Amino acid sequence: MEFFLQLVITGIMVGSIYALVALGWTLIYKSSGVLNLSMGELTLTGAYVSLTFYQWGLPFPIALLFTLIVGLVLGLVVERVFLRPLIGESVLTVIMVTVGISFFLRGALGFIWGTDTLVFTPPVFPSQPVQIGPIVIGQVYIWSFIAAIVLLLIFVGFFKYTRWGLAMQATADDEMAALSIGISAKFVYAMAWAIAFMAAGVGGALLGNINGVNVSVGHLGLLVLPAVVMGGLNSVPGAIVGGLIVGLLQNFAGGYLDNLTIAGISIIPGGAKEMFPFFAMTIALLFKPYGLFGWQRIERV
Amino acid sequence: MDTNGNILQLNNIEVMYHEVILVLKGVSLQVPRAGIVALLGANGAGKSTTLKAISGLLKHENGRVTDGSIEFMGERIDRRSAEEISRQGIIQVIEGRRVFEHLTVEENIKVGAHLNTGAKMRSGVDKVYAYFPRLKQIRERTAGFCSGGEQQMLVMGRALMTNPKLMLLDEPSMGLAPLLIKEIFEIITRLNREEQLPILLVEQNVKLALAVAGYGYVLESGRVVMDGTADSLRDNPDIKEFYLGLTDLGTRKSFREVKHYKRRKRWLT
């Protein structure tokens, strides 16, 4: 039971980071219909950028803030350079471009920072774990969770209550109608990419604190795909719930399946943690093709 | 500003879709300041295309004004983007009641004022509620679940929030119950009178359109085939026959004759 609770808590805490990254992904999909396959590399970029700021001697919260700013700028630049010329092209073309962006970023990051695992030194969070009842949690998880939740609230609030957020929602709903009242689709796309970069960047910084920074952070960023698919591609609450579910599934798989032995023989030699969210995604798609919160078309009778 | 009192002027415009399909073959029309002008015609005549050419939305459907010019308050606008044109004050209420389905009624209205802030936004919303009291009652409802009439009011209210200088209305009566149509058209007249808002109105319902408009144009296969004041169009025998379904005597046509109905005359081809 304690082991179970332990997995649940850790799962939710890691899941909150995935939720943050998934939110960024969903914003792009909602407003422009683009399936962004470069989210993993955006996450990785954030990890390296924040690490560099931290290594320069900035306190971690400031490094995080600068990561946000770099994310904002990078998002605007990438949108302007790679995606704006493609407005009006077929969706498949744009998706391939996001694949290109991901390879480009991976190459550029390796070029700048090398391929060795880098760690935040000195450690940002004390390694002394916190004991809550029977459960032991590393401080890095707790702080990551808090940071992710705060940012999630800021982004959701922005989306829900500001006029720019409202304009983004309107464009997601009906692009032609949004154009007809003078909402600039270009502005909305630029903003969606900027937010995605910011969310992924902070997600990457937090994940980098947990595991150290190397290419595998990018693989973790790619976990947004099962998260958003399970949540429903175009739903903001869905992305958040999906992110939490992926975090939980990952921890359960790692906790129970990786150690599964029958009669002394290990059945799953390891790696269930990485695989299981995708497995669950496939199963979920069979039963709920719109995901948990995906838009079903509003039909008036 | 234009000297002869027109806020909008189309000079012999041609519109092509996908660089091959010629939809408008030389359309000229004027909208006077603070007037309502009706654009009439059958399906596929090019009425909606004319509106989209003015508002610039054409460019997003791979269409282009290939000849002629569009002048709004004395400035040429036919090369500008939809965004610039709407910022200058031309707002098109597109056909088919395109509300933002997943937003609430009030959010839909507020989106219209995405360029404004705070107090201006509030007074704008109040103005919309004053014209459309029904919207105030359902402000929290998800727009996708509103009735057709409510959605029509909503898209008009949303357009009003942008503080338009010229409103392009595409078929506001489409698919609505007669009582609702009456209400919508009363509001259109009020908007025009009280806000001094010029309106270019596309309508299939010719009788209604000519009742509110001061001037009308009849479009047929991409050309203006007839124009005149609303009164003169109402009395025109061809309009009566083809659009109002009346014979020369002013009586309703019998259904027996409709069976043998054959169009005798086209104005131009």
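## Questions on a predicted two-chain model

User: Which are the edge strands of the open sheet of 4 strands in chain B?

Analyst: The sheet has the order E2-E1-E4-E5, with antiparallel pairing. An edge strand pairs on one side only. In chain B the edge strands are strand E2 (21-32) and strand E5 (75-76).

User: Which helix packs on that sheet?

Analyst: The helix touches strand E1 (6-17), E2 and E4 of chain B. Its direction makes about 70 degrees with that of E2(B). The helix is H1 (residues 47-55) of chain B.

User: How many residues of strand E3 (residues 36-41) of chain B are buried?

Analyst: B:Ile36, B:Ala38 and B:Leu40 point one way from E3(B), and all are buried. B:Val37, B:Leu39 and B:Gly41 point the other way, and these are buried too. The strand is therefore largely enclosed by the rest of the structure. The count is 6 of the 6 residues.

User: Which residue in E9(B) is the bridge partner of B:Gly41?

Analyst: E3(B) runs parallel to strand E8 (residues 199-202) of chain B, joined by 4 bridges. There, B:Ala38 has B:Leu201 as its bridge partner. E3(B) also pairs with strand E9 (residues 215-220) of chain B, in the parallel sense over 5 bridges. In E9(B), the bridge partner of B:Gly41 is B:Leu219.

User: Are H2(A) and H4(A) roughly parallel or roughly antiparallel to each other?

Analyst: The axes of helix H2 (residues 39-55) and helix H4 (residues 91-113) of chain A come within 9 Å. They cross at roughly 25 degrees. Angles under 35 degrees count as roughly parallel. So H2(A) and H4(A) are roughly parallel.

User: How many charged residues are in the contact of H2(A) with H4(A)?

Analyst: From H2(A) come A:Gly40, A:Glu41, A:Leu44, A:Thr45 and A:Tyr48. They meet A:Ser102, A:Leu105, A:Arg106, A:Leu109 and A:Trp113 in H4(A). By class, 5 are nonpolar and 3 polar, and the number of charged residues is 2.

User: How many residues of the side of chain B that touches chain A are charged?

Analyst: The contact takes 18 residues from chain A and 25 residues from chain B. Elements giving two or more residues to chain B's side include helix H2 (82-88) and helix H6 (148-160) of chain B. That side has 9 nonpolar and 9 polar residues, and the charged ones number 7.

Conventions
Residues numbered from 1 in each chain as written. Chains lettered and ligands numbered in written order. Predicted model: local features only at pLDDT ≥ 70, side-chain atom pairs only at ≥ 80, totals over all residues. Contact = placed C-beta atoms within 7 Å. Nonpolar A, V, L, I, M, F, W, Y, C, P; charged D, E, K, R; others polar. Axes fitted to C-alpha atoms, helices over the stretch in contact; angles between N-to-C directions. Parallel < 35°, antiparallel > 145°, perpendicular 65-115°, else oblique. Pairing = 2+ DSSP bridges. Buried ≥ 20, exposed ≤ 12 C-beta atoms within 10 Å, placed from the backbone.
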